[in-house]
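Subject: Two-chain model, handover and notes

Hello,

Here is the structure we talked about, with my notes below it. Please read them with the coordinates open.

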Amino acid sequence: MKGLITIFERKTTIINKSGLHARPAATFVSESKKFDSTIMITNLDTGMSADAKSILLILTLSLTKGTNVAISAEGSDEVEAVNQLISLIDIGVGEESK
Amino acid sequence: MKTLCVDRTYSAGFAIARAYVVQDSSISADKNYIDDIDGHLFRFQAAVDKAIEALTLLSKTDDVFFAHLEIAQDPTLIKGVQSKIQKEYKNAEWALEETVRSFADLFLQMDDEYLRARGSDVLDVGHRIMMNLKGIDDKPLSGMSERAVIAARDLTPSDTVHMDRYLVEGILTEESSVTSHVSIMAKNLGIPALVAVKGLLENVHNGDLVIIDAQAGILIIDPDEDTEKEYIEKKEAWEKRTQKLNKLASLPSVTSDGKEIRLYANVGSITDIEQAVACHADGVGLFRTELLYMEQQDFPSEDMQYEIYKHAAELLGGKELIIRTLDIGGDKGLPYFDFGKEDNPFLGYRAIRLCLDRPDIFKTQLRAILRASCHGNVSIMYPMIISINELDTANALLETCKKELDTEGVQYNANVSIGMMIETPAAVILSERFAKKADFFSIGTNDLTQYMLAVDRGNNRISHMYQPLHPAVLQAISHVIQAGHKYNIPVGICGELAGDVNACEVLIGLGFDELSMSPSAIAEIKQVLRDTDAGKAKHLAEIALADDTISNIKINKR
């Protein structure tokens with residue numbers, strides 16, 4: 001039955017100079033919360049994953065500049081959620097790119 | 001020795017004393033096993049909601065709190081606490097403390113220095129929720145027993161109500177802004193204060209010797225001997241100068257060429273009025289009555305208000321007492337009245353709008369003021385007027401009150417003066433029409449500047465754009481003064497600008513009849529006034545009005 005469960009996933013790289021620290025992490029979380037799907041963010045370099053709606057768990061992933069991440073979602077708006085959050089990371093989560 | 005600085009200051013003077021840190025950080029939870037799971041879940045949720053509300057406000061001006069706001073809403077944190085309550089039967093405080101601690105530890109163990117520091121964010125948010133949970137914010141200053149400098153995260157009006165001002169050498173806060181209540185209060189009381197001191201509570205501990213240089217915006221913690229000596233000398237010199245100014249204060253308020261300009265005081269309480277009298281104020285240009293309302297558990301009764309207004313009028317002898325009717329709403333709420341959620345409270349249900357909507361509340365105050373009017377020289381002033389209709393409606397309610405008092409055989413002064421604040425662009429533009437109906441104007445430059453320039457003075461990112469001497473504001477002020485004088489009514493100013501020595505000459509030149517300011521500013525303004533030639537000031541004002549920039553006005557200064 002496993003094949004029936006769909007999980008949508010995409011990968012990218014953190015570009016923020018100081019990584020996904022408090023302010024961008026907060027922005028990221030508030031964006032994640034707009035979706036109904038369960039969303040996970042994974043640090044591909046360490047293999048650790050966290051709930052993308054929890055700022056505390058995201059901070060513990062140590063997402064510094066250059067870290068490869070994956071975002072996966074499962075739910076009614078999974079595709080939209082993943083695409084939206086990937087593009088948010090790709091524009092530096094609203095931070096001036098320095 | 002360690003030094004912290006702030007960019008903007010509001011009060012003056014020096015303080016050298018031990019720190020009295022208002023505790024909000026070391027609350028330990030009492031640990032109990034509980035039966036009432038739902039009750040504790042509910043209490044926890046309420047404490048979280050309250051924290052979210054406070055952080056939402058704070059996050060608008062400081063980025064740090066944006067992250068704190070997310071932490072307070074973090075599902076893992078919340079679920080963690082809920083699960084300890086539900087499955088381990090721990091009381092809400094215990095569950096919160098354990099959960100917060102485990103998260104903080106997680107961060108403190110990390111390699112990255114930046115992430116280790118996030119542990120303190122978690123603890124900070126945890127404390128905020130814990131304080132709400134334990135209902136601690138009640139009279140934090142009542143435990144002070146000797147002279148000290150208060151250091152606190154923030155001080156609300158209800159905190160400072162319980163402060164013994166004679167024990168307070170200085171005030172330090174980490175979060176408030178220079179335009180906050182605590183900052184204005186400190187200036188009024190002549191207490192040196194620094195607000196928005198970043199890193200304050202991290203660096204200052206209870207009992208530390210601290211030095212405040214309020215004018216320069218410097219806080220020195222644990223000074224070395226030479227520094228302490230240096231500041232003791234500075235403090236003494238400053239106090240001598242202040243004494244000299246105070247002597248000057250008993251001289252009449254006239255320019256060097258003999259033009260009389262009344263120097264009034266802005267006050268919020270009987271204590272302030274006592275200070276205004278001590279500072280030789282020529283009267284009170286603004287009695288902010290909202291503090292009477294904010295300190296109560298319910299709307300103050302007519303009799304209670306009457307006693308206060310009567311006391312105020314008597315303290316001032318025959319000097320004018322301008323009582324501003326309730327100016328609540330905006331950033332000033334009441335614990336017992338629901339203003340509803342507003343996206344733009346400054347453009348919302350406040351001041352005269354509320355009063356005209358709730359004549360029951362308004363009439364109680366009007367009757368109290370009328371009754372007090374026969375005990376001195378009392379005037380009434382309406383805030384936030386934008387249309388003639390509002391002034392007419394307020395006056396009609398006042399007439400109703402007078403008739404009621406007539407019927408009841410209660411005494412009042414039938415000729416009490418009725419003035420209005422000019423603090424909206426609408427009132428500026430209609431000032432000629434208002435001048436036909438009002439007995440006096442008082443320009444509230446704090447709000448007027450804000451509304452004219454569309455700049456929120458509490459927003460740290462744009463507060464530099466809040467310029468009361470902006471050409472548009474000066475034009476507006478000049479227009480209002482001319483409108484008032486055309487119909488022979490006096491025009492005063494009761495914004496903080498009135499107490500600014502740099503603005504004084506321009507204000508005199510613009511033609512104000514009265515300047516109303518913090519009592520502690522009167523002496524210094526009087527010195528400038530007595531050195532100013534009204535003719536020259538008028539010329540300076542003309543240059544300022546014709547100027548396109550703001551900076552030139554300051555260059556033209558002495």
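A residue is called buried here if 20 or more other C-beta atoms lie within 10 Å of its own. The model is a predicted one, and the notes that follow should be read with that in mind.

**Strand E11 of chain B and its partners**

By that cut-off, 5 of the 6 residues of strand E11 (residues 377–382) of chain B are buried, so the strand is largely enclosed by the rest of the structure. Strand E10 (residues 320–324) of chain B runs parallel to E11(B) and is joined to it by 5 bridges. Within this pairing, B:Ile380 of E11(B) has B:Ile323 opposite. E11(B) is also joined to strand E12 (residues 417–422) of chain B, by 4 bridges and again in parallel. Here B:Ser379 faces B:Ser417 of E12(B) across the pairing. Between E11(B) and E12(B) the chain passes through helix H15 (residues 388–408) of chain B, giving a right-handed β-α-β crossover.

**The seven-stranded sheet of chain B**

Chain B also has an open sheet of 7 strands, ordered E1-E7-E6-E2-E3-E4-E5, with mixed pairing. Its edges are strand E1 (2–5) and strand E5 (193–194) of chain B, each of which pairs on one side only. The partner of E1(B) is strand E7 (residues 218–221) of chain B; 4 bridges connect them in the antiparallel sense. One of the bridge pairs sets B:Cys5 against B:Ile218 in E7(B). Helix H9 (residues 225–248) of chain B packs on this sheet and touches strand E2 (14–21), strand E6 (209–213) and E7 of chain B. The direction of H9(B) makes about 120° with that of E2(B).

Which residue lies 191 positions from B:Cys5 in sequence but 9.7 Å from it in space, C-alpha to C-alpha? That residue is B:Ala196. B:Ala196 sits in the loop between E5 and helix H8 (200–203) of chain B. B:Ala196 has 22 C-beta neighbours inside 10 Å, and therefore counts as buried.

**A helix pair in chain B**

Helix H18 (residues 445–453) and helix H19 (residues 471–486) of chain B have axes that come within 10 Å and cross at roughly 120°. Because of that angle, H18(B) is oblique to H19(B). The crossing of H18(B) past H19(B) is right-handed. On the H18(B) side the contact is made by B:Leu448, B:Thr449, B:Met452 and B:Leu453. On the H19(B) side it is made by B:Ala472, B:Val473 and B:Ala476.

Chain A contains 3 helices and 4 strands, and its elements follow the order β-α-β-β-α-β-α from the N terminus. Of the 98 residues in chain A, 40% are buried. Among contacts in chain A with a separation of 6 or more, 71% are between residues 24 or more positions apart.

The contact between the chains involves 17 residues from chain A and 18 residues from chain B. Helix H1 (22–32) and helix H2 (55–59) of chain A each supply at least two residues of the side of chain A that touches chain B. The largest share of that side, 6 residues, comes from H1(A).

Regards

Technical notes
Residues are numbered from 1 along each chain as its sequence is written. Chains are lettered from A and ligands numbered from 1 in the order in which they are written. This is a predicted model: local features need pLDDT of at least 70, side-chain atom pairs count only at pLDDT 80 or more; totals for chains, interfaces and linings use all residues. A residue is buried if 20 or more other C-beta atoms lie within 10 Å of its own, exposed if 12 or fewer, and partly exposed in between; C-beta atoms are placed from the backbone. Two strands pair if DSSP finds at least two bridges between them. A crossover is right-handed if, with the strands pointing away from the viewer, the path from the first strand over the helix to the second runs clockwise. Axes are lines fitted to C-alpha atoms, for helices over the stretch in contact, and angles run from 0 to 180 degrees between N-to-C directions. Angles under 35 degrees count as roughly parallel, over 145 as roughly antiparallel, 65 to 115 as roughly perpendicular and the rest as oblique. A crossing is left-handed if the near helix is turned anticlockwise from the far one by less than a right angle, and right-handed if clockwise. Two residues are in contact if their C-beta atoms, placed from the backbone, lie within 7 Å.
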